[in-house]
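Dear colleague,

I am passing the structure below on to you, and I would be glad if you could look through it alongside the notes that come after it.

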Amino acid sequence: GRSEVGWCGSCWALCCSHRARAFLGGDVMFTIYMQFGLGFVVSGMQELFPLFCANDEHGLGLEPTELGTALAPLGVSLVLWPFVLTHLVRRWGTVFCFRLGMLVFVVVNACIPALRAARDRSSGVLWAAITTISMLRGVGGVSAFTSISVMMNNLLHEHVGLMNGLANSASALARSLAPTTMGALFATFMRSDWPFPLDVHAPFYLISLLALLTLALSLRFDISAPGRVDKI
């Protein structure tokens, strides 16, 4: 009667909850979490870097033409780094290259506010630092995006279309949230009278922290062969 229906309903709910936990905590879902973190980091950095470069009071005060020059090394590294990355993947595997990319983002975002100190030293020091950071942005992006795509597809054995769709949706959600969130935070901290690091440094440090957390998610995985991703 009703007791049997209730018992069956409870069992079904318990079964579904176990499946949900297994699904949300599975290897493929971890790569989706990593894609979300990666997308947020890259989009947030794309929002913050031009704002910082253009702001005269708290940033670098670059002119529009100078800002274009500052972004040029990024394009160079986006073109050249894939040729290097191919050899790194063959030698060290995709998980290593993903961690390399996220580590680059950790360091780069933490160092961007220091460009102001480079500007105060000399124009030559400033542009050397900008060129280095712009090129490293390309290195990080190519390494992380390429590696996470390979990891994802190596892990998929069923529901390929569904899981790739979820991954793309997670990345798109991150890319839509990051510019508004980080732009608002930049404006808030720029207007504040709070001491370091709760000033213009804070948005960059938050992005750096998110990159570090995304890197930490990859510790779930190990590479036993360049073409295969295995759980530790």
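This is a predicted model: local features need pLDDT of at least 70, side-chain atom pairs count only at pLDDT 80 or more; totals for chains, interfaces and linings use all residues.

Residues are numbered from 1 along each chain as its sequence is written, and side-chain values use heavy atoms, with hydrogens and water left out.

The protein chain has eight helices and two strands, taken as DSSP runs numbered from the N terminus (H or I of at least four residues for helices, E of at least two for strands), and along the sequence the order is α-α-α-α-α-α-α-α-β-β. Of the contacts (heavy atoms within 4.5 Å) with a separation of 6 or more, 77% are between residues 24 or more positions apart.

Of the 232 residues in the protein chain, 40% are buried, where buried means under 20% relative accessible area, exposed over 50% and partly exposed in between, with a 1.4 Å probe and protein chains only. Leaving aside residues up to four places away in sequence, Met102 touches Leu38, Val41, Ala144, Ala211, Thr214 and Leu215.

There are six aromatic pairs, counted for rings of Phe, Tyr and Trp (its six-membered ring) whose centres lie within 6.5 Å, with planes under 30 degrees apart called stacked, over 60 edge-to-face and the rest tilted. Phe189 and Trp194 are edge-to-face because their planes are at 70 degrees, with the ring centres 5.9 Å apart; Phe189 is buried at 12% relative accessibility, whereas Trp194 is partly exposed at 47%. Phe196 and Tyr205 also form an edge-to-face pair, at 6.1 Å centre to centre and 90 degrees between the planes, and here Phe196 is exposed at 54% and Tyr205 partly exposed at 28%.

Finally, the charged end of Arg91 sits over the ring of Trp92, 4.3 Å from its centre, and that of Arg137 over the ring of Phe49, 5.0 Å from its centre, the rule being NZ of Lys or CZ of Arg within 6 Å of the ring centre and within 35 degrees of the ring normal.
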